[in-house]
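Try each task before you read its solution.

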Amino acid sequence: MRIALPVLAALAVTAALSRPAAAETILQERFGCHSQEVTDRLFKLVMAGDESGFGQLLQGSLASGECRSFKTGEEVRLESRTMSYGCLALKDTQDRCYWTPLSAVEKAN
C-alpha cells in the first residue's frame, strides 16, 4: 500500500501533463502578455481610468513582443489557467502562451 500511493500519484501527474491543451476560439478581442504580472498591471490601469499609462505600457509591450493582440475567431489552445486568467497560444504553433482574461474565450453568462 505504501508503494501504491506514490505510483498512483505519479500516474495521475503523468496523465495530467500528457493531456493536450484545450482548443478554444477567441470570442472577444483581447491582448495577452507572456507575463501574467504585465497583463494584470495593464488591466489595473484600465480599472483606474489611466488611459495614458495603459496606452504607453500596452504599446511598448506590443512592440517588444511581450504582449500580442488576439482577434475574434482565432483558434488558440488554453495551456494554463487561474480563476480569471488563461494562458493562450495560437493553436498550431509552438509559441509561448500569453496571459489574458478568460472572458476572451468564455461566453458571458
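**Exercise 1.** This is a predicted model, so let's start with two cysteines: are Cys87 and Cys97 buried or exposed? Then work out how they are connected.

*Solution.* Step one: Cys87 is buried, and Cys97 is buried as well. Buried here means under 20% relative accessible area. Step two: look at the sulfurs, and you'll find a disulfide joining Cys87 to Cys97, with an S to S distance of 1.9 Å. Cys87 sits in strand S5 (residues 85-90), while Cys97 is in the loop between S5 and strand S6 (98-101), so the bond ties together parts 10 residues apart in sequence. Step four: check the handedness. The torsion about the S-S bond of Cys87 and Cys97 is about 90 degrees, so this disulfide is right-handed.

**Exercise 2.** Find how many disulfides a search of the whole structure gives, and describe the one formed by Cys33 and Cys67.

*Solution.* Step one: the search of the whole structure turns up 2 disulfides. Step two: in the one formed by Cys33 and Cys67, the sulfur atoms are 1.9 Å apart. This pair links distant parts of the chain, with Cys33 in strand S2 (residues 30-33) and Cys67 in strand S3 (residues 67-70), 34 residues apart. Step three: get the handedness from the torsion about the S-S bond of Cys33 and Cys67, which is about 95 degrees, so the disulfide is right-handed. Step four: go back to burial. Cys33 has 0% relative accessibility, so it counts as buried, and Cys67, with a relative accessible area of 4%, is buried too. Step five: number the bonded cysteines of the protein in sequence order, and the pairing reads 1-2, 3-4.

**Exercise 3.** Now for the helices: how do H2 and H3 cross, and which residues meet?

*Solution.* Step one: recall that two packed helices are described by the angle between their axes and the distance between the axes. Step two: apply that here. The axes of helix H2 (residues 36-47) and helix H3 (residues 51-64) come within 8 Å and cross at roughly 155 degrees. Angles over 145 degrees count as roughly antiparallel, so that's the label for H2 and H3. Step three: the crossing of H2 and H3 is left-handed. Step four: list the contacts. From H2 come Val38, Arg41, Leu42, Leu45 and Val46, and they meet Gly53, Phe54, Leu57, Leu58 and Ser61 in H3. Step five: sort by class, and the contact of H2 with H3 has 7 nonpolar, 2 polar and 1 charged residues.

Terms used:
Residues are numbered from 1 along each chain as its sequence is written. This is a predicted model: local features need pLDDT of at least 70, side-chain atom pairs count only at pLDDT 80 or more; totals for chains, interfaces and linings use all residues. Side-chain values use heavy atoms; hydrogens and water are left out. A disulfide is a pair of cysteine sulfur atoms within 2.5 Å. Helices (H or I, at least four residues) and strands (E, at least two) are DSSP runs, numbered from the N terminus. Buried means under 20% relative accessible area, exposed over 50%, partly exposed in between (1.4 Å probe, protein chains only). Axes are lines fitted to C-alpha atoms, for helices over the stretch in contact, and angles run from 0 to 180 degrees between N-to-C directions. Angles under 35 degrees count as roughly parallel, over 145 as roughly antiparallel, 65 to 115 as roughly perpendicular and the rest as oblique. A crossing is left-handed if the near helix is turned anticlockwise from the far one by less than a right angle, and right-handed if clockwise. Contact means heavy atoms within 4.5 Å. Ala, Val, Leu, Ile, Met, Phe, Trp, Tyr, Cys and Pro count as nonpolar, Asp, Glu, Lys and Arg as charged, and the others, Gly among them, as polar.
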